[in-house]
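Read this briefing with the sequence and the structure side by side. The points are grouped by topic.

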Amino acid sequence: MTDGIAQKTCTPCRGGVAPLTQEAAEGYLSQTPGWELEEGRLLRRKFKFADFRQSLSFVDKVVRLAEEERHHPDICFGWGYAAVSLQTHKIKGLHENDFIMAAKVNLIAGS
Ligand SMILES: C[C@H](O)[C@H](O)[C@H]1CNC2=NC(N)=NC(=O)C2=N1
């Protein structure tokens, strides 16, 4: 994937722009395998790991990515799993930034 969405960089979040429509969001999903849309306004994916330490290691990498991109997912993790969700708060919906992050998180997870 050399020209996919994972090659892009998040732009600064701002209000006053329309969230992606359900149709547009569904179009992006092909580039973020494993992620699901929730009511067209939130992206979610659950990742599985062999133990707690591997879950934490994944979360740590996602935290570093989030700081680089200045776009921060909500993460719930525990033994063998991390559930990641993304939304652009200022528009209470999805922006291309959310899909850029989702694609980069997939790369971290190796999937
Ligand atoms: C000021 C700061 O850039 C913004 O509040 C950013 C920070 N990280 C963010 N992360 C996510 N997931 N959504 C946002 O809307 C968001 N906004």
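The model is a predicted one, in which local features need pLDDT of at least 70, side-chain atom pairs count only at pLDDT 80 or more, and totals for chains, interfaces and linings use all residues. Residues are numbered from 1 along each chain as its sequence is written.

**The E3–E4 hairpin**
- E3 and E4 form a hairpin with two residues between them.
- Gly-80, in the turn, has a positive phi of about 80°.
- E3 is hardly covered: of its five residues, the count that is buried is zero. Buried means that 20 or more other C-beta atoms, placed from the backbone, lie within 10 Å of the residue's own; exposed means 12 or fewer, and partly exposed is in between.

**The sheet**
- Four strands make up an open sheet in the order E1-E2-E4-E3, with antiparallel pairing.
- Strand E1 (36-38) and strand E3 (74-78) are the edge strands, and each pairs on one side only.
- From one strand to the next, the twist averages 20°.
- Helix H2 (residues 52-69) packs on the sheet and touches E2, E3 and strand E4 (81-86). The direction of H2 makes about 165° with that of E3; axes are lines fitted to C-alpha atoms, for helices over the stretch in contact, and angles run from 0 to 180 degrees between N-to-C directions.

**Strand E2 and its partners**
- E1 is joined to strand E2 (residues 42-48) by three bridges, and the two run antiparallel.
- Leu-37 has Leu-43 as its bridge partner in E2, and Glu-38 stands opposite Leu-42.
- The hairpin of E1 and E2 has three residues between the strands, and Glu-39 in the turn has a positive phi of about 50°.
- On E4, E2 pairs over six bridges in the antiparallel sense; there Leu-43 stands opposite Leu-86.
- In a regular strand, side chains alternate between the two faces of the sheet.

**Lys-48**
- Apart from neighbours within four places in sequence, Lys-48 is in contact with Gly-80 and Tyr-81. Contact means that the C-beta atoms of two residues, placed from the backbone, lie within 7 Å.
- Lys-48 and Ala-109 are 61 residues apart in sequence, and their C-alpha atoms are 9.4 Å apart in space.

**The chain as a whole**
- The protein chain has three helices and four strands, in the pattern α-β-β-α-β-β-α along the sequence. Helices (H or I, at least four residues) and strands (E, at least two) are DSSP runs, numbered from the N terminus.
- Of the 111 residues, 29% count as buried.
- The C-alpha trace spans about 40 × 25 × 25 Å along its principal axes.

**Around the ligand**
- The residues around the ligand include Cys-13, Arg-70, Pro-73, Leu-86 and Lys-90; a residue is near a molecule if its C-beta atom, placed from the backbone, lies within 6 Å of it.

Methods: Pairing = 2+ DSSP bridges.
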